[in-house]
Structure formats: structure tokens, C-alpha cells
Amino acid sequence: MATAHVPTPWLVLEPTARLRPSDLRAAWRARDVLWILIWRGLKVRYKQTVIGVGWVVLQPLLTTLVLTTVFGAFARLPSDGLPYAVFAYAGLLPWTYVAQAVTESGTSLVHDRQLVTKVYFPRVFLPAAAVLRPLVDLAVAATIAVGMIAWFHIAPAGRLLALPLFLLVAVVTALGVGLWLAALNVRYRDVGYTLPFLVQVWFLASPVAYPVSLVPERWRALYALNPLVAAIDGVRWTLLGTPAPDAGVLVAGAGAALAVLVTGALVFRRLERTFADFL
Amino acid sequence: MSVPAVRVERLGKRYRLGEDGPRYDTLREEFVRRVRGLGRGAPREPSAHVWALRDVSLEIAQGDVVAIIGRNGAGKSTLLRILARVTAPTSGRVALYGRVASLLDVGTGFHPELTGRENVFLNGAVLGMTRAEIRRKFDEIVAFAEVERFIDTPTKRYSSGMWVRLAFAVAAHLEAEILIIDEALAVGDLAFQRRCLAKMEDARRAGRTVVFVSHDLATVTALATRAVLLDSGRVLDAGRVPDVVRRYLETTGTVPRGARRLDPAPDLPCAVTAVATADGAARPSAVVARSEGLTVLLEGEVRQPPPDGDEYYVAVDVRTSGDVTLFRTHSVEERERAALPRVPGPFRLECRVPADLLAPGTYRLGLVTGLTGGRRLQAVAPLLEVDVVQDRLIAGVWPVTEGLLTPRCAWRALTPRPACAPPILQPGQDGAGPWHAAATGPAGR
């Protein structure tokens, strides 16, 4: 008996939010979009090279100046025995990156609603591009840090090799929080308004302007759940040789970063299929 | 059995009600709702929802060009958005048998700060092309868009025409098996629209499947091989384009369509009492195919014999929807003679407008009855509205044409030029002089 030839569909669209292998294949095939989105962000930011690079360098420098004046000179916060400006700048490097990445990825879907409502591509590319793109800013701003390190005769050491690891914690954290915020911002537009506030609180809850040693011992465990404690303290250690973050802080930080990323990805996955309906 | 390209099974899409206001919530509202829900132990109250699509099932075969038509809010765009994967269905299933490229908007992702070149790569990538593919087709795309000179200029300096041309050029070079297009053709000038239509026609000939939404019935009838009529989220009709378009027009018409009974004054010596429009095979219809021509069916009665040396006639006017009379045709003319009876009794007339004469569009008919001696008895306008639709492409090249009429003209290729046909102008002759008026004719276009 001849059976009718039923071809296999290339793609099936269904209401479920299950993650299927075909989605991963589609994301891999569409990977060019991710690069293009990153490249578009760079292009627009560095269109006028002088202003682009200038701002990327000036922002942490000016913040350093303010912090040095207020916290270093007026409040006389400790800085692990280093000049306060160097101490602050090393902390500001990862912090500025995270703040930028979280702000941009949190608003990425709403900002690019023209894309989301008009064409299909893996939605995660928008917050992901917003998290990866500021890494270039970080690299530009890091050149100043190199100059500072040389100026203050801080000897580079093998611990520098651990730098990418701490930056990875920062990237994972930024991506996790970015996914959460981007997805929620589509559904609940007031999330966008709370973003600056969140960033401000997060800044104070991270060891940017002050050393971890300033945090009372009994609060340390809770404090370490902020993954930026490990990331910022670690970056500062690799660059300046300040006391290294202890193992507990590292484990807590890495664990929290991963937890944020996994939950963020799940929430994003759950909501992404109807993003276009709310934009 | 044809190979399927798209199979839609009992598709449904539900939206929250209140499309005018913001569709998103605030976290605060959601929070308050959840907390209240906890207190009462009850789930969220079901908020008002509307089904934009309900139980839609369709089968689209490979190589079909399917037009989705329907009134505003019928669910056309929602269906396209689901097919384009912009949003997910609430229920049901869609199987796609091939790569899908969607064009729901012209210039998706174009960034004004980027140059034309950069935007081609950006736009191409989001539409599903790889960088290698774009690089390969880049010159072709730029040539199609006719923006070679400005390709390294930021697109914010482009005119809207250039922007649209470049954006469409990218989309036109997609190599997907299934193209999803939403009204994107409604932009650009007429010449550019025509090229877009030609490009779609190419896609069809290449065996690609096209699904598009359009409000322009001329486009629909020019391009589609099949049509789907949606109404309130359901499929009302699907199948042959003229049938579906007819059904659509029947649901929207206001001027009488199809057939109509007249109520002439009883003291008229002769009157038409009923009229209908019909297709080439004289089947009553409010929509006729251009290649079949329009037939008008008339019924009436002679109540008194006409005066000696005089006779009754019936005339039909064909007007554009803008009320320009294209022509009036009489039942009694020097070339035609459908004589009405001279004794009291019923009569029936059929008037056939030649095929291939009326361009696709909506026409209004008018009616006049009278005596050839000059006395007018009946004048009704507008009488009926009728749509002429394109059932096949004119010459397979120009999907739409210029002008109100599309008569079949006799064209003959005289190449190589036979001896009996001398050149229109001799070498050295400039066309001025006594031939001037005649010579500009053939050379004009």
C-alpha cells in the first residue's frame, strides 16, 4: 500500500515555551545577528571617535575624582594602603562596565522594539549584545589603569592571569540581571524607571568606593551574595595586589552570579515568545 | 497532492483587551493583584481577552502566492506575525516546510547613524542572511536600489525614497523558500511598487511560496494564486482569488451589487424592471474577471407599442468609481441591433462588454431607457457596482497597468525590418514639419 509522503516540517510553531534543540540550532545559524548588533552598538558609540573614546575614559576618571574628593579626602575612607584614586579607579573599571551593561541590556528590548515587533531572531541576542558591547569600553578604560599602575610603581604579577576569571563573574552577573530586567521591562514598564535607582543602590552595596574590610564581620556572608563583591575585589587584587578575596566570598559570588543567570534565562525564555505583543 | 509549504492547524491567538491603551502592566499593579489573590486564596481574576485568531486552519502549497484579505481587525496581521515568528500562538500549531523570511516592515533595523552599506549588512542579518551571503549579493542589492553613489553616506541623509528602495532591495534578495509580506508594498512611488510586484512575480515563478496581506484588491488579484478571507479571527473563505474577493466585496459593499430590482413608474410605456451583472458565462456575479469581460443582464416589459417610425432602446453606462463615464452602449446602434418587442410583453436583454477592455477596478453602471426618436423614459444611476479583477498578468510582466482601459491591441514585431516598411524617419530628417504630429506618436514611449 502506498502511503502519502508526509515531509518533515522545517520548523513547528507551538504555544509551548519548551526549549527545543531546533531553537539552539536556529540561534547558532543566526549568530551573525549577535555580531551585527554588537558591531552596531560600537559603530554608533564610536562614530565620532574623539567623543566616543573620550567619554569612555572620562566617565570613570571623573567619577574617580569625585569619589577621591568626597570619600578619600573628606570622609577619609580606608583604601587598603594605596592612593585612594588608584584604589577607586580599579574598582570603577568593573563597576562601570556592569552598570553600563545592566542599564543597556535592561532596556534593550524596549529600545529596539522596532526589531522585536517586526522580525524574528533569537531575542536573547539583544540583551546579550548589550552586555558584550561595553567590554570594549572596559578595554579602553583599562589603558588608563595601566598608566596608573606604572605611575604608582605597582609591580605586575602572575595574579594578573586571574583577571579574566573575575571579569567573567562580572559578565555573567550583568547578563543574568540584564535578562531579568529586559524581560520584566517588556511586561512591566515601570521596571525601566526603577533601573537608575537599582544601579545606585547596587553601587553602594559593592566595594567600589570602600574596601570590603569596612563591612562589619557579621554582615560579610550576606554581603558576599552580591557577586560584584567577588568580581570587584578580585579585579582590584589582580591589578593592585590588595588583599585577595577569600574562598568563601568567591564561592558565594560565583554561585550567586550563576543563579542569577540561570533564573534570568528561565524567566526570559518564558516571556520571550510574546514580547512582541507588549511592545 | 501538492507539496505543503505552510500548514496551519486550529491556530488561535488571544490578546488582552484594550488595544488602545498600554498593553503592558506595571509591576506595582501586578504585585497588588497577586497579593490580593493570595488573601482570598483565589487565582487572578480572568481579565477581558479577545481572540484575534480562532481555530484558523489553512494549507498552503509550495509555489502558492496567497493573499490574506479581510477588514481591519480581522486578524490578518496577527496571522502574519505568527507565521513570521514575531509572536507565538496561544493555541494550535503551525508547520513550516522551509526557511521563512518575513517583511513586516520596510527597513527593519535600519539605523540612521549607519551608512547605507552598514545598514545593508544589519538589515540582511536580521532578515536571516549570513554575512557571506550578503557580501555575495551586495553589488546586486545596491544596483537594484539605485543608491550606488550614496552607499557610504549615513542613511539619515537619505530621502525617504532612497531609504525604502534600499530596504526593499535587501528584502528582495532574500533566499527563503517562504516569504511573508505585510503591506510593505504600500510604500514608495508607483514605479517602485511596480518593480516590487515584478520581484514578487519572480519569486512566484521561482517556485517560492509567498503569503501577503494587502488592502489593495488590484494587487491581490494581480499577484495571488489563492486568497484567504478572514473575518473576526476566523477563516470565512479560502480558495480561488475571484471567488474569495467576491465574497469579501459582498460582505463590505454599500452600493447595490450583483443584482437589483427596479421599481419603474407604472405609466411608463416601456421599462427595465431588474438588472444583474454577470461574468463571461452569464452567471450572475458582482465580480468579474478582466479576461472574461462584463455581462449585464436586463429584464423588463413593453407596456405600450412604440409610435410608428420610433423604437424603444436600453442603454448601459459604464463609469469609474470616481463617476467618469467611460462609455454608453445602446441596445440599438448602427452596429448592434437587439430590437425590443413592438407589442406589449416581457423582454430580456444581455449586454456583453468586450473582454480585456476594463482595467481591474470598481465600476458603476448606469441605465437609460428611451425612444430612438429622443424621448427618455428611465434613467438610473448609480445602478449597480461591479468589480473587474485581474485574473492573470498582462503579458506576464506588468502586474498592474496604467490607465482605465486595457484593450487588447495588435502588436507586431517588424524586426528585421521588411522592405515594405520604410524607416519612420529618413536619416537626417528631424521629425519636424508635416510629419511632426504623427512621428512623435510611436517614438513617444
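pLDDT is the predictor's confidence in each residue, on a scale from 0 to 100. Helices here are DSSP runs of H or I with at least four residues, strands are runs of E with at least two, and both are numbered from the N terminus. For chain A overall, the mean pLDDT is 88, and 96% of its residues reach 70 or more. Where pLDDT is low, the predicted coordinates should not be read in detail.

Quick bookkeeping. Residues count from 1 along each chain as its sequence is written, while chains are lettered from A and ligands numbered from 1 in the order in which they are written. Local features need pLDDT of at least 70, side-chain atom pairs count only at pLDDT 80 or more, and totals for chains, interfaces and linings use all residues.

Back to α7(A), then. How many of its residues are buried? Eight of the eight, so α7(A) is largely enclosed by the rest of the structure. Buried means 20 or more other C-beta atoms within 10 Å of the residue's own, exposed means 12 or fewer, and partly exposed is in between, with C-beta atoms placed from the backbone. Among those buried residues are Phe125(A), Pro127(A) and Leu132(A). They pack against α2, α4 (84-106), α5 (108-111), α8 (134-151) and α9 of chain A.

Now, the two chains together. The contact takes 35 residues from chain A and 43 residues from chain B; two residues are in contact if their C-beta atoms, placed from the backbone, lie within 7 Å. On the chain A side, α2(A) gives the most, with six residues. That side divides into 21 nonpolar, three polar and eleven charged residues. For the record, Ala, Val, Leu, Ile, Met, Phe, Trp, Tyr, Cys and Pro count as nonpolar, Asp, Glu, Lys and Arg as charged, and the others, Gly among them, as polar.

There's strand pairing across the chains too, and pairing means that DSSP finds at least two bridges between two strands. β1(A) runs antiparallel to strand β4 (residues 91-96) of chain B, over three bridges. Val12(A) stands opposite Ala95(B) there.

Next, the core. A nonpolar core is a set of buried Ala, Val, Leu, Ile, Met, Phe, Trp, Tyr and Cys residues joined through C-beta atoms within 7 Å. The largest one has 189 residues, and Ala170(A), Ile68(B), Ile180(B), Ala227(B) and Val245(B) touch the most other members. Which element gives the largest share? Helix α9 (residues 163-187) of chain A, with 16 residues. Take Val245(B): leaving aside neighbours within four places in sequence, Val245(B) is in contact with Leu217(B), Val220(B), Thr221(B), Ala227(B), Val287(B) and Val389(B).

On to chain B as a whole. Chain B has nine helices and 18 strands, and buried residues make up 38% of its 445 residues. Of the chain B contacts with a separation of 6 or more, 70% are between residues 24 or more positions apart.

Here's a bit of sheet to look at. Strand β3 (residues 65-69) of chain B pairs in parallel with strand β8 (residues 226-231) of chain B over four bridges, and Ile69(B) has Leu229(B) as its bridge partner. On to strand β9 (residues 234-239) of chain B, which pairs with β8(B) in the antiparallel sense over five bridges. Asp231(B) and Arg234(B) are bridge partners. β8(B) and β9(B) form a hairpin with two residues between them, and Ser232(B) in the turn has a positive phi of about 50°.

Speaking of phi, most residues other than glycine have a negative one. Arg10(B), with a positive phi of about 45°, is found in strand β1 (residues 4-16) of chain B. Arg85(B), at about 70°, is in the loop between α2 (76-83) and β4 of chain B. Buried or partly exposed? With 20 C-beta neighbours inside 10 Å, Arg85(B) counts as buried, whereas Arg10(B) is partly exposed, with 13 other C-beta atoms within 10 Å.

Last stop: Phe144(B), in helix α4 (residues 131-145) of chain B. Phe144(B) is partly exposed, because 18 other C-beta atoms lie within 10 Å. The C-alpha atoms of Phe144(B) and Phe168(B), 24 residues apart along the chain, are separated by 9.1 Å.
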